[in-house]
Amino acid sequence: MTPRATPYDILFEPVRIGPVTARNRFYQVPHCNGMGYQRPRAEAAMRGMKAEGGWAVVCNQETEIHPTSDLSPFAEGRLWDDRDIPGLRLMTDAIHAHGSLAGIELAHNGSHAPNLLSRAPAFAPSDTVIDAGFAPQARAMDKEDIRNLRRWHRDAARRAMKAGFDIIYVYAGHHMTIPHHFLLPQHNDRMDEYGGSLENRVRLTRELLEDTLEIAEGKCGVAFRFAIDEMQGADGMQAEEEGRGVVELLAELPDLWDVNVADWPNDSQTTRFQPEDGYQTKYLEAVKQITSKPVVGVGRFTSPDMMASLVRKGVLDMIGAARPSISDPFLPKKIEEGRIDQIRECIGCNICVSADSQGVPIRCTQNPTMGEEWRRGWHPETIGAKGREEAALVVGAGPAGLECAMQLARRGYHVTLAEAGKELGGRVRREAGLNGLAAWGRVTDYRLGDLQQRGNVDIFTDSPLGREEVLELGVPNVFLATGARWRRDGQGRTARFGIAIADNAMVMTPDDVMDGIRPGPGPLVIYDDDHGYLAGVLAMHLADQGHEVTFVTTANMVSPFTGLTLEQGRVQKSLLERGVTILTAQALNGVEASACRLACVYTGRETEIACGTALLVTRRDRVTGLYDELRGHSDLSHVELIGDAAAPGLIADAVYSGHRAARNFERLPEDVEQEYFRREITAIEG
Ligand code: ADP
Ligand code: SF4
């Protein structure tokens, strides 16, 4: 029987990319992942999973073509010489095994490459500073440098073909590569034929595209990744002005246009600052009117209706995705099979980016298997059948408890999930109620949607369990996901023994705010000694409620963690725009009834500021009372603490912890521990 036509059939039409054909319109654009040349097996397994999940094209990430483009210590792609080919071959084999095309994003990072390992000179169109590091500076390329660059790019293209790639990129985007720098007047003030007019600034890109097409010899597709708008208004390249001009000048040259916006924080905006899915579409609309070549675009697409409509309207030929493919590597398959409600939608939190920013393998809040495909052998859609007959009890329905319960149920266990509160979701539900974080609620929605469809799960709210209640239930496998609560005494990274707080002082914690308690009258001092995202979120939230906020932090900027998620600039700007007073490098020494005492973290010099209420964001205490009472009890076969109760961290950490417990609890701890030791280490031979 032929399957019934669906509105999404259009997404499963093949697309020709020069000499190669993608089997459908789902295109995983290049994205960093903290694995790269340092962890090629891990990357191969992760990319292979996307191919298995139905992405017709799976790309790697920016791939350094030469030691003068050295992004050390970060783990990007590397293709300096032939010895880098076997690592990349692992990836193309894994992608081809599922009938998908493999793409490689060749990159020369120019003044974005600090060359810390190679100690090579850095290159740029004009003398300039290095943007991803400190001294030394980058030097203006002479004609010989340009000839060398073209040779390195050709050599890398040849190696990419040997490694089995089907699509080879020329990359001018994110303010991160030499071709992009040549295109932009802010980076290029050359007086020769590579500077000045747009035709001249495009010249290097044209040469690189022609060179790559020549090497590809009609066997590989040649893609051009281009940032059409810098989102700086008239101060930068704009889609409707020179951005369009670039497309007109190169229209039919590449086999595919992969178009986005610059820089990376604009391209990968979080839902906190850009709640709209498909937010880049307005910049891409004109491209297809100019070129007949296929166009791929991104914008955190999660809705299949939007995807199909963009193709139907002639805006895009292929649906590009990095984050939606990380959150759900099986997104195309689920759409194809009509399992739309099973899509694990990206929440736009950029925890995936934060791992790359720290040079460690990728992780994802929604998809705990991301990055663990090789090391732990985790698959996002399959999990082993249960290893015992007895049922399981999960106490606490935050992200850890929900994930643990869902995975145990998928394994076939009968699961009882008990939550003390009236609603499910724990910290996710509470944090999603704060300014800008509504989309984080998808972490709860996805898991609850799954649990509620299963016949082997009983969910109880309003059910605070104590020792006796747990034992009365007679369920021998118990997972305690009882969470953590913010401290009220200021103890944290700076005040190891707490802060002097007067009896008549008004002090609050983030939990109070999330419980709906409002600060008292007078100035509100938010004290951030945590340095994560939450204090900044609370400041925006409470400023929007009309409070006069002073943000005091021991750090040198607001919410330094958010630099890793590409948000820090927007966070600080948002507070300044709301009139929040920001005091950096200040420790809170004491809270009185109407004032706070601060001390400079460098000199210790004390000052006093007016304060009606002090909101302390310092550190959390684990909730472990029930665990302490139950562990080792002879009636229970397994008692395990998971999530924030085991180690307070990100929501991603809580989900991961719940997942790991559900997969492994019947195994010997020492066997599970062995998975830490599955590493990719350089072998010293001879
Ligand atoms: P995590 O991030 O580890 O999932 P959360 O703080 O989000 O932790 O969630 C913990 C949840 O556990 C909260 O919703 C809390 O109400 C619930 N909880 C804590 N103690 C108990 C208990 N004894 N019985 C039932 N639920 C509990
Ligand atoms: Fe999306 Fe967050 Fe996962 Fe990244 S970490 S893919 S932004 S859910």
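Q: Why is D462 called partly exposed?
A: Buried means under 20% relative accessible area, exposed means over 50%, and partly exposed is what lies in between (1.4 Å probe, protein chains only). D462 has 47% relative accessibility, so it counts as partly exposed.

Q: What kind of model is this, and how is it numbered?
A: It's a predicted model: local features need pLDDT of at least 70, and side-chain atom pairs count only at pLDDT 80 or more, while totals for chains, interfaces and linings use all residues. Residues are numbered from 1 along each chain as its sequence is written, chains are lettered from A and ligands numbered from 1 in the order in which they are written, and side-chain values use heavy atoms, with hydrogens and water left out.

Q: Where is D462 found, and what is its phi near?
A: D462 is in the loop between β16 (457-460) and α17 (467-473). Those labels come from DSSP runs, numbered from the N terminus: helices are H or I with at least four residues, strands are E with at least two. Its phi is near 55°, positive in a residue other than glycine. Most residues other than glycine have a negative phi, and most peptide bonds are trans.

Q: What about H174: buried or exposed?
A: Buried, because its relative accessible area is 7%. H174 also has a positive phi, about 60°, and isn't a glycine. You'll find H174 in the loop between β9 (167-172) and α4 (178-183).

Q: Why does C349 count as buried?
A: Its relative accessibility is 12%, so C349 falls on the buried side of the cut-off. C349 is in the loop between α12 (331-336) and α13 (351-357). Setting aside neighbours within four places in sequence, C349 is in contact (heavy atoms within 4.5 Å) with T270, T365, W440, T565 and E567.

Q: What makes α14 and α22 roughly parallel?
A: Helix α14 (residues 399-410) and helix α22 (residues 651-664) pack at about 30°, with axes 7 Å apart. That angle makes α14 roughly parallel to α22, since angles under 35 degrees count as roughly parallel, over 145 as roughly antiparallel, 65 to 115 as roughly perpendicular and the rest as oblique. Axes here are lines fitted to C-alpha atoms, for helices over the stretch in contact, and angles run from 0 to 180 degrees between N-to-C directions.

Q: Which residues make the contact between α14 and α22?
A: From α14 come P399, A400, E403, C404, Q407 and L408, and from α22 come I651, A654, V655, G658, H659 and A662.
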